[in-house]
Amino acid sequence: MMKNRPYPLYDSLKDISDLKELVTRQASEIPEKTAFVYPCETGEMKKSFQDLADDVSAIGTFMYDKKMKDKHIAIIGENSYEWLVTYLAAVGGGNVAVGIDKGLPEEEIKELLKKADVDAVFVSQTYINKIPKKAGRKIYSFADFDDFLAEGRKLIAGGAIEYDNYGVEPDKTATILFTSGTSGSSKGVELTNRNIAAEINRTCQLFAPEGGVLAVLPFHHAFGLVVGVLMVLNYGFAIYINKSLKFVKKNMAEFKPQTMFLVPLFVEFFHKQIWAEVEKKGKVTAFKGLMKSTDLLLKTGVDVRRKTYASIHNVFGGNLEYIICGGAALDPMYVKEFRTWGIEILNGYGTTECSPCTAVNRPHHHRDGSVGQMVPGLEVKVTDEGEIAFKGDIVMKGYYKNQEATDEVLIDGWYHTGDLGYVDDEGFIILTGRKKNLIILSNGENISPEELEQDLARDPAVAEVLVYDEAGKIVAEIFPTEDHFDDIIYFNKLKDKVNKGRPLYKQIAKVKLRKEEFIKNASMKIVRYKNIPS
């Protein structure tokens, strides 16, 4: 077992210059190797890297035949092979792929299609009725995808080579992905092939999967798409596509992934399920004792975790070694407990505007409580206000047709994240809160609500929580777990426990209980501006 200390970057891969090269290079070097596995009506479908390249070429040629050149093409639907092929075909042919969340209300989808100047839409049949009809905008259903492929192949057989011969322009906008911001309306982030290729090249130097990956996060989300899929394709490992969250447990058992890319909500859910099972058996004290003993053994170099916690590993398919977690803050407590059970959570940090990953903890060099070390080649600085800013090839072109918003965050090439934090002497980034979320009291004191939220969320009775200022007092609004609904006495005791030892100005004055979950965005983060009373 390697010690937790710096070690060389992984450098076994050649850099790619664009996503088209990613697809064609893998087809050339590992044509027969499995790229994707996914459930279908007849059981399970497997696609090799050669299949992927052929299908991308066919769909790209189909697009060109339908006059889709220099067009904005929206992709809407559940995670699927068809979604990914359409995306890669669009960005490899000079079109702009626009990823849109299928779960948004019809009116919001309509607004985003308009905002992104969408010319054509590829959509799964499930959501086709959400797409408003508009003169000149073509709608293509994934139900007819095999026909599109057949048409594209026929065109290629007849000599159509324009798509395959197209040379990608690295700095031309390749994709528009909408921010899933927690404090305002969505903005269309323009990313280029250069941005995404740089992200893939550099994140592959920090982390290298050693087995299959289960893709759970939505593909319209930058983390789920670029890191959870495209980075893995670059390493040449198979990706199992999860189409719906209700099948996650089944998919884990079937595919037995070595790595999963998740947001904190999943980690917290799995953690609560594991402890609920322990509690049901009445073995909490014994289990805590077991965890202490296996931790002590590990310090002496004896690792019995996989065998001792086999029942936990079996929940994840038996092979899971790493969970790469990003998209929101994660309490270090989860990292420590999963490590005790033999699964390493590598907490990372990113934003759509940075393609998206800017930092991640490494398998053998990590610091609990941090979001990891910077992606190689990226510059970081902390402003006088304590805000973290980045500069480098992964930073976006800007927000589509929104120069004002672009100018607010892109200053002299530096992307200002809105996150507060610092970089320690080993290069780990530690976040302390969001600039916009700061509670500024009348005495001039500044409080990061995230600090209080984290302490409250550790209690098993708290499903979700938001801390905010109401008439000069700090309020904690809690959505309780099912067995603690209306138990205000319990939560007032929890408030006193969290307040203990804190200065008076940092103490929670009041607890409110709510009956429904908070409104969340695509990253499963609570949307503050929609949940905090104005």
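## Helices H10 and H11

Trp275, Val278 and Glu279 of helix H10 meet Val284, Phe287, Lys288 and Met291 of helix H11, where contact means heavy atoms within 4.5 Å. Helices (H or I, at least four residues) and strands (E, at least two) are DSSP runs numbered from the N terminus. H10 covers residues 264–280 and H11 covers residues 284–299; the two pack at an angle of about 125°, with their axes 8 Å apart. Axes are lines fitted to C-alpha atoms, for helices over the stretch in contact, and angles run from 0 to 180 degrees between N-to-C directions. The angle makes H10 oblique to H11; under 35 degrees counts as roughly parallel, over 145 as roughly antiparallel, 65 to 115 as roughly perpendicular and the rest as oblique. The residues of this contact divide into five nonpolar, no polar and two charged. In this division Ala, Val, Leu, Ile, Met, Phe, Trp, Tyr, Cys and Pro count as nonpolar, Asp, Glu, Lys and Arg as charged, and the others, Gly among them, as polar.

The structure is a predicted model, in which local features need pLDDT of at least 70 and side-chain atom pairs count only at pLDDT 80 or more, while totals for chains, interfaces and linings use all residues. Residues are numbered from 1 along each chain as its sequence is written, and side-chain values use heavy atoms, with hydrogens and water left out.

## Helices H1 and H2

Helix H1 (residues 19–29) packs against helix H2 (residues 49–65) at an angle of about 140°, and their axes are 8 Å apart. H1 is therefore oblique to H2. The crossing of these helices is left-handed; a crossing has this hand if the near helix is turned anticlockwise from the far one by less than a right angle, and is right-handed if clockwise.

On the H1 side the contact is made by Val23, Gln26 and Ala27, and on the H2 side by Phe49, Gln50, Leu52, Ala53 and Val56. By class, the contact of H1 with H2 has six nonpolar, two polar and no charged residues.

## Helices H7 and H8

Helix H7 (residues 193–206) and H8 pack at an angle of about 70°, with their axes 10 Å apart. H7 is therefore roughly perpendicular to H8, and H7 passes H8 in a right-handed crossing. H7 contributes Ile196, Glu199, Ile200, Thr203 and Cys204 to the contact, while H8 contributes Val226, Val227, Leu230, Met231, Asn234 and Tyr235. The residues of the contact of H7 with H8 divide into eight nonpolar, two polar and one charged.

## Nonpolar cores

The largest nonpolar core has 124 residues, and those with the most contacts inside it are Phe36, Tyr87, Leu230, Leu233 and Phe338. Helix H8 (residues 222–235) supplies the largest share of this core, 11 residues. A second, separate core of 19 residues includes Val96, Tyr127, Phe178 and Tyr400. A nonpolar core is a set of buried Ala, Val, Leu, Ile, Met, Phe, Trp, Tyr and Cys residues joined through side-chain atoms within 4.5 Å. Buried means under 20% relative accessible area, exposed over 50%, and partly exposed in between (1.4 Å probe, protein chains only).

Not counting residues up to four places away in sequence, Leu233 touches Leu22, Gln26, Ala35, Phe36, Phe49, Leu52 and Ile239.

## Individual residues in helices and loops

Leu88 has its place in helix H3 (residues 81–91) and counts as buried at 4% relative accessibility. Residues up to four places away in sequence aside, Leu88 touches Leu19, Val23, Leu52, Val56, Tyr163 and Leu230. Asn251, found in helix H9 (residues 248–255), is buried, with a relative accessible area of 3%.

Lys69 lies in the loop between H2 and strand S3 (72–76) and is partly exposed, with a relative accessible area of 34%. Beyond its neighbours within four places in sequence, Lys69 is in contact with Tyr64, Asn95 and Glu162.

## Backbone features

Most residues other than glycine have a negative phi, and most peptide bonds are trans. The peptide bond from Ser355 to Pro356 is cis, with omega near -5°. Pro356 is found in the loop between strand S13 (344–350) and strand S14 (357–360). Ser355 has a positive phi, near 75°, and is buried, with a relative accessible area of 0%.

Asp412 also has a positive phi, near 55°. Asp412 is placed in the loop between strand S19 (410–411) and strand S20 (414–423) and is exposed, with a relative accessible area of 68%.
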